[in-house]
Amino acid sequence: MSAQQPLDHDKLLAEIDEEVKRRRQSGDIPADLERELDLVFARFAPVDALEADFEQVLTRAEQATFIDVLAPVESSRPVVPYFKKIVRKVVGWYLRYVAQQTTSFAHAVTRAVRLLGERVDALEEASPLAASKEASADPAVLAPWTGFVVERLRGTTGRVLHGESGNGHLVDALVKAGVDAYGVDPSTRDEVAVHLRALPEGSLGALVLSGCVDYLPLGAQLHLADLAGAKLAPGGVVIVVSQDPRAWERAEPNRMADLAPGRPLRSETWRHLLTERGLEGVDVVEGERPTGLQAVPKAHKAMAENIERLNDMLFGPSSYAVVGIRPA
């Protein structure tokens, strides 16, 4: 492999699996060796090494609920083991009493957590969240708003966060305009909110939200509105760039639209949410509208009004931007 060629981790893991299968079939690896390695790892590996496997972490917690009061008495010194046996026998009755209560409490807590985990699994199975992993920011929606956002945030003091940043085009444009901007491009649906929660209160000079506001569930969208009001410094600006729900339904594949956990909100809804959270001067700027129904020459006034009404209902703006300012 050359120094310029990137390492293909998936291919490497596949080659390792094939080698293990080959050596297992040839008898080089004993049948019970992998099981023994799993048991050793489960016993000595720290909980952090289990990553995000809820079942393994909970199993480790259940194993730790039992407290062994028979402390080891081995020692390299000849007299110490006898002394340890005497101490263990003297305090053993008390330790056993405390251990029984502690073990009972720990078992009840881990059992409650397992029941809670089963309920969460049931909720996840009943929701389309798992099927929405293909959702991501659409650069085509944000591209027409790059100039607007740059001009609106030019001269902003303080850091400017863009979530989701996608290909980073907007962040690059803001940096070239002299704005201290950076972006968050999440690998999970809620990473923008996770990053915002980690920031100190009033630490952002401006916040641009796009992409995530188009597909997050309603609760997550409301949470983003809460965080936007809390993390902005006095005088800070929040800009929400979103697709119009009608344009989203037209552009999104039927499969994605049906399985999406959330849908874009209307511009009036974002204006209400930001105003409700104390932001001032909340304004809506509409994007370009697609070509709708053509006017009928010499049509009756009622027909012309109906065609105009249909255009408003069916062919709204492809996207919009909502701008709000935190009061100084």
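Predicted model: local features only at pLDDT ≥ 70, side-chain atom pairs only at ≥ 80, totals over all residues.
Trp93 is exposed, with a relative accessible area of 60%, a value that places the residue in this class because exposed means over 50%.

A pair of aromatic rings is described by the distance of the centres and the angle of the planes. When the whole structure is searched, two aromatic pairs are found. In one of them, Trp93 and Tyr94 are partners, with 5.8 Å from centre to centre and 75° between the planes, an arrangement that is edge-to-face. The other joins Trp145 and Phe148, whose ring centres are 5.6 Å apart and whose planes make an angle of 80°, so that this pair is also edge-to-face, because planes over 60 degrees apart count as such.

The surroundings of this second pair can be described in the same way. Trp145 has a relative accessible area of 5% and is buried, while Phe148, at 27% relative accessibility, counts as partly exposed.

Stepping back to the whole protein chain, the reader can find 14 helices and six strands. Of the 328 residues in the chain, 31% are buried. Among the contacts in the chain with a separation of 6 or more, 70% are between residues 24 or more positions apart. As for the surface, the protein chain exposes about 21200 Å², of which carbon and sulfur atoms supply 57%.

Conventions. Residues numbered from 1 in each chain as written. Heavy atoms only, no water. Phe/Tyr/Trp six-rings, centres within 6.5 Å; stacked < 30°, edge-to-face > 60°. Buried < 20%, exposed > 50% of the residue type's maximum accessible area, 1.4 Å probe, protein only. Helix = DSSP H or I, 4+ residues; strand = E, 2+ residues; numbered from the N terminus. Contact = heavy atoms within 4.5 Å. Areas by Shrake-Rupley, 256 points an atom, 1.4 Å probe, with all protein chains shown as cover.
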